[in-house]
Amino acid sequence: MRILILGGDGYLGWPLAMHFSGQGDDVAIVDNLIRRQVHIERGTDSLTPISPLLDRIVAWREVTGREIAAHVFDVSDYARLLALIEEFVPDTIVHLGEIPSAPYSMIDRDHAWKTQRNNVESTLNVIWAMHEVAPEAHLVKLGTMGEYGTPNIDIEEGYLEIEHNGRTDRLPFPKSPGSFYHLSKVHDSHNIQFACRIWGLRATDLNQGVVYGIHTDDTERDERLLTRFDYDELFGTALNRFCVEAVIGHPLTVYGKGHQTRGFLNIRDTLQCIELATRNPGPTGEMRVFNQFTQVFSVMDLASEVCAAASHLGYNTRIEHLENPRVELEEHYYNPTHTGLLELGLKPRMLSEELIETVLHTVERFKDRIRARGIDPATSWR
Ligand code: NAD
Ligand code: USQ
């Protein structure tokens, strides 16, 4: 297949590009490198030493003999995006090219606007470009479980059968997102669904949970192929942060009571899920939605799992309940459906002590690179 990956230099995008390329697909990636720039601006960095994008491409060629075409530009540049899609003729466009951080979007008005402008505009450009020059292509878009929030009812996969005053309809599931970032994903979903309905496009919205893990089969082949691993308060996700904290003897930063509950998945399963969605497109004229996670945990569950694994490696780890910098329910019902990807053949990789130990061992290898001052939460929702 011909696969265009937007955001192909990112935590998930780079391993995904290698994953498809390694199977013989023709892969092109686009990235404006904003993720790398934000680290420079804030004095933070990835735990793993990531190679410049073009060095990654050369390393991949040397290791596998395969080519990944890299294009460095902003998806908000509509003329360039249109020209590339027209020239490359993708079967699938996988769109991961957005700013992915809830705390970053809550810093101030400028960061909220930067996040929403970047994300909403990039997706709008993609659907317009598809409408103009690639109406047969399949859009696989990374959304988030955080679009739904934590309602006091079961969460369905994208849509809800509603009966109202004696009539029924299947309507988009109600959304209660928890940050301006999560809201940007809701706006994207509405725009994509509209484009499918009006122009007959074909799209899959993957409402992904929180991703953890460092390695995929390809990142392990050569040090130059490592993907990024963030642990700072803005871009690091919970389990990844806890692993770094455990290794440097920092108390595990549980926000509030820690009973907040979310869907989680391993980075290798992210690749599996995106591949399943790509190889099995849905019908035209429809935005198909899958809830993309494999397990549900509370933050305290995760912190306890990391404590147990770290203590087996000889670390004396403790949990600290910090005043929650976010406005979110700390006690709530959470029961999201996630059968669609399982029905397509997803074989989940469950969180285990062994898996956490693998992450801890990699953190140990790069321990000298850790910048502890970026860890404590400094961004408040209030
Ligand atoms: P990331 O920041 O590592 O990767 C995103 C990449 O997109 C970066 O390399 C960035 O430079 C690029 N990018 C951003 N805006 C761009 C633009 N306008 N033009 C070109 N490139 C642009 O993030 P990630 O963790 O790999 O996330 C990928 C996608 O998955 C995002 O859409 C994110 O919202 C979603 N997601 C991530 C997680 C997670 O836990 N990591 C969970 C759910 C959903
Ligand atoms: N949390 C802590 N301590 C920490 C970090 C986080 O208690 O040190 C808590 C948060 O308060 C929250 C939960 O852990 O309740 C998850 O936070 P997170 O930072 O791991 O994840 P989140 O902000 O939700 O965002 C991440 C990705 C985002 C993606 C989202 C999926 O950064 O791109 O959209 O996970 S989901 O959570 O399903 O919306």
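## A loop threonine

Setting aside neighbours within four places in sequence, threonine 284 touches Gly200, Leu201 and Arg202, where contact means heavy atoms within 4.5 Å. Threonine 284 sits in the loop that joins helix H9 (267–279) to strand S12 (286–292). Helices (H or I, at least four residues) and strands (E, at least two) are DSSP runs, numbered from the N terminus.

The C-alpha atoms of threonine 284 and cysteine 196 are 7.3 Å apart in space, while the two residues are 88 apart in sequence.

## How to read the model

This is a predicted model, in which local features need pLDDT of at least 70 and side-chain atom pairs count only at pLDDT 80 or more, while totals for chains, interfaces and linings use all residues. Residues are numbered from 1 along each chain as its sequence is written, chains are lettered from A and ligands numbered from 1 in the order written, and side-chain values use heavy atoms, leaving out hydrogens and water.

## Around ligand 1

Polar contacts here are pairs of N or O atoms within 3.5 Å. A polar backbone atom of leucine 12 is 2.9 Å from an oxygen atom of ligand 1, and a polar side-chain atom of asparagine 32 lies 3.0 Å from a nitrogen atom of ligand 1. On its own, ligand 1 exposes 820 Å², and the protein buries 96% of that (Shrake-Rupley method, 1.4 Å probe).

## Around ligand 2

Ligand 2 is surrounded by 23 residues, with Pro100, Thr144, Tyr181, Thr253 and Glu328 the closest. Helix H7 (180–199), helix H8 (238–248) and strand S10 (252–255) each contribute at least two residues to this shell.

An oxygen atom of ligand 2 lies 2.7 Å from a backbone N or O atom of proline 100. For threonine 144, a polar side-chain atom is 2.7 Å from an oxygen atom of ligand 2.

Definitions and conventions: Near = heavy atom within 4 Å. Polar contact = N/O pair within 3.5 Å; in protein donor to acceptor, adjacent residues only side chain to side chain.
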